[in-house]
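User: I would like to go through this structure step by step. Please begin with the terms and then take my questions in turn.

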Amino acid sequence: MSTTVNSIEEEKNAMLKALRHSLSHIMAAAVLKMRPDAKIAFGPAVENGFYYDFDFGETPIGEAELKQLDKHMRTIIKARLPFVREEKSCEEAVRYLEDQGEPYKTEYAKELIELGKAVNGTLSFYTIGDFTDMCEGPHLEHTGQVPKACFKLDRISGSYWRGDEKRPMLTRIYGLAFASVKELKEYIEMRKRAKERDHRKLGEELDLFIQDVEVGVGLPLWMPNGTVLRDELEKWAQETEFLGGYQRVTTPSVTRKELYLRSGHVPYYEDSMYPSMPVDENDEYYLRPMCCPHHHKIYASRLRSYRDLPLRLCEYGDVFRYEKHGSLSGLLRVRAMCMNDAHIYCTPEQVESEFRAVINMYMMYYSHLRMGNFRVRLSLHDKNSDKFVDRYDDWEHSENIVRGVLDNLGVEYEEETGEAAFYGPKVDIQVKNLMGREETVSTCQLDFIMPDRFDLTYVDGNGDKKRPYILHRAPLSTHERMISFLIEFYGGAFPTWMAPVQVRLVPVNAAVFDYAQEIELLLHKNFFRVEVDDSNESFNKKIRNAVMRKIPNIWILGEKEKAENNITWRRYAVKEQQTVAGNTALEMLQKMRSERIMDNFGDVELPTI
């Protein structure tokens with residue numbers, strides 16, 4: 001991409017950020033017109049618009065008041081009020097905010113001063129009309145520069161001050177904002193489609209999973225239909241890993257604190273772990289947030305030779321992470337999950353080939369599942385951050401190894417500093433959901449720290465003890481996160497090999513119920529998930545019900561089909577149906593399952609036998 005194109009894009013993004021940030025101030029000014037006693041907190045520009053947090057005391061603002069708030073905002077915009085910047089000394093800034101009765105802004109100002117972030121000993125403020133806010137900008141020149149109909153007040157939610165559940169609950173008002181009314185309308189339409197495919201909505205409609213307050217937030221309960229999805233993904237992984245030379249292990253979901261002190265998870269990761277459980281007087285246990293230390297212990301249980309390497313240990317292991325309440329979201333972010341985890345122990349000479357094999361495995365999975373909307377991120381350490389182990393030469397060496405593998409494979413990637421694991425660089429698979437929001441789904445990490453911490457060694461060809469490298473990999477992520485993406489990408493319509501119900505038999509009338517039961521028994525004996533609709537509904541209603549449940553294969557059975565031992569095959573989202581001999585239909589189903597054909601896409605034909 002040329003420098004000119006880059007510059008134009010950067011300028012456009014800067015203008016959009018200024019627009020959204022200006023709208024957050026305009027909204028705050030309008031809110032204070034309606035509620036003069038409200039206290040303001042943070043009001044940034046965000047990916048699709050802006051928000052502002054307020055403390056309304058005992059009477060929070062409600063959705064019904066958004067229309068009135070919108071009118072106040074448009075009055076301010078019409079007035080073409082200038083955004084006036086002023087610098088105040090640190091002492092003056094704190095005194096001003098205290099005099100204004102703004103406790104949240106005062107706290108933040110003191111924090112900026114303490115951290116040395118006051119530029120030239122001052123803090124900046126912006127004023128529009130009679131509203132003044134501590135802010136670094138940027139903003140538009142005046143409120144009249146807000147394009148007509150480019151924004152829309154969106155929704156209201158609760159938000160803890162500083163994201164801390166122990167701090168006051170504030171009211172957050174969100175707004176959408178784009179450079180033009182056309183882009184705003186396109187976004188709203190895209191969001192409408194995304195809501196229809198929301199995995200939480202479809203999860204309930206298709207009986208995939210539930211959440212129960214008595215069980216606890218972030219702890220999903222998998223229904224029989226959802227458990228099928230988990231089982232099929234795990235079965236696929238087991239076969240792939242077996243062919244890739246992996247060995248399966250099983251380890252406990254709880255362990256003593258000493259293990260996580262040794263691994264570094266307690267000092268580096270404890271905020272994301274469940275609290276420790278005192279067991280004996282001097283003994284504490286943790287629910288594990290990952291399987292790594294357990295696998296390291298298996299490696300260390302016996303003397304290893306270079307002939308034993310690479311050693312690939314894999315496990316579908318339950319792990320537990322105490323995510324903050326506000327970050328929990330359906331299956332996407334949970335507190336209990338099952339991870340497609342594995343660790344590869346190898347010599348320095350084997351690192352590149354093993355990393356290449358893992359990346360190829362990732363590409364195979366994502367290509368087969370047709371999850372094409374993803375990018376590869378090379379996550380590097382930040383030498384200025386204390387988040388990372390202080391071994392500069394090892395960081396440089398390991399990062400160059402990973403960078404070289406990606407280059408040699410021809411994989412396009414972007415580098416991001418500060419996103420590495422604390423023990424080594426990693427490759428992240430970043431997937432965009434239907435709203436364009438990016439999430440990390442899978443990672444592959446190169447670890448040069450844990451071999452030292454766990455005293456992991458192997459004996460090389462000269463009889464000397466050496467440290468192995470470790471590759472951490474989880475191509476199918478957790479069941480929870482991967483399935484949340486698949487539900488939304490597929491709209492709940494899964495391919496035959498994954499579908500909770502693979503075939504629904506629809507007898508035209510009672511005279512062919514016996515034929516339907518005969519086929520049901522045949523499919524069941526061949527380990528297919530099959531249902532017979534023997535309800536009293538009309539034929540058209542039976543078909544509609546099967547389509548609504550997104551069942552991939554509907555086999556229609558009438559008297560002609562019974563007489564000729566055939567079935568009439570109707571596929572989900574495919575208009576044409578065809579008549580197939582019963583035995584041939586079974587063979588076609590078996591092929592769809594064994595080859596894991598992605599027949600939930602309209603461009604895939606039924607297999608020929």
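Analyst: Buried means under 20% relative accessible area, exposed means over 50%, and partly exposed lies in between (1.4 Å probe, protein chains only). The model is predicted, so local features need pLDDT of at least 70 and side-chain atom pairs count only at pLDDT 80 or more, while totals for chains, interfaces and linings use all residues. Residues are numbered from 1 along each chain as its sequence is written, and side-chain values use heavy atoms, with hydrogens and water left out.

User: What share of the 609 residues of the protein chain counts as buried?

Analyst: The C-alpha atoms of the chain fill a box of roughly 90 × 75 × 60 Å, taken along the principal axes. The accessible surface (Shrake-Rupley method, 1.4 Å probe; for residues, only the protein chains shown count as cover) comes to about 29900 Å², of which 49% belongs to carbon and sulfur atoms. Of the 609 residues, the share that counts as buried is 50%.

User: How many helices and strands does the protein chain have?

Analyst: Helices (H or I, at least four residues) and strands (E, at least two) are DSSP runs, numbered from the N terminus. By that rule the secondary structure of the chain comes to 18 helices and 28 strands.

User: Is R95 buried or exposed, or in between?

Analyst: R95 forms a salt bridge (a side-chain nitrogen of Lys or Arg within 4 Å of a carboxyl oxygen of Asp or Glu) with E91, the closest N and O atoms being 3.5 Å apart. Both residues lie in helix α3 (residues 90–99), four residues apart, which is about one turn of the helix. E91 has a relative accessible area of 60% and is therefore exposed. R95 has 41% relative accessibility, so R95 counts as partly exposed.

User: Which parts does the salt bridge between E234 and R248 tie together?

Analyst: The side chains of E234 and R248 meet at 3.5 Å, N to O. E234 is buried, with a relative accessible area of 18%, whereas R248 counts as partly exposed at 43%.

User: How far apart are the closest N and O atoms of R467 and D455?

Analyst: R467 lies in the loop between β22 (465–466) and β23 (469–473), and D455 in the loop between α13 (450–453) and β21 (458–459), so the pair ties together parts that are twelve residues apart in sequence. R467 counts as partly exposed at 34% relative accessibility, and D455 counts as partly exposed at 47%. The two form a salt bridge in which the closest N and O atoms are apart by 2.8 Å.

User: How many salt bridges does a search of the whole structure find?

Analyst: One network of salt bridges links R375, R377, E414, E416, K426 and D428. The search of the whole structure finds a total of 47.

User: How many residues lie between β13 and β14 in their hairpin?

Analyst: Strand β13 (residues 277–280) runs antiparallel to β14, and three bridges join them. D280 stands opposite D283 in β14. The number of residues between the two strands of the hairpin is two.

User: Which residues of helix α10 are buried?

Analyst: Helix α10 covers residues 292–299, and six of its eight residues are buried, so the helix is largely enclosed by the rest of the structure. The buried residues are C292, P293, H294, H295, H296 and Y299.

Conventions. Pairing = 2+ DSSP bridges.
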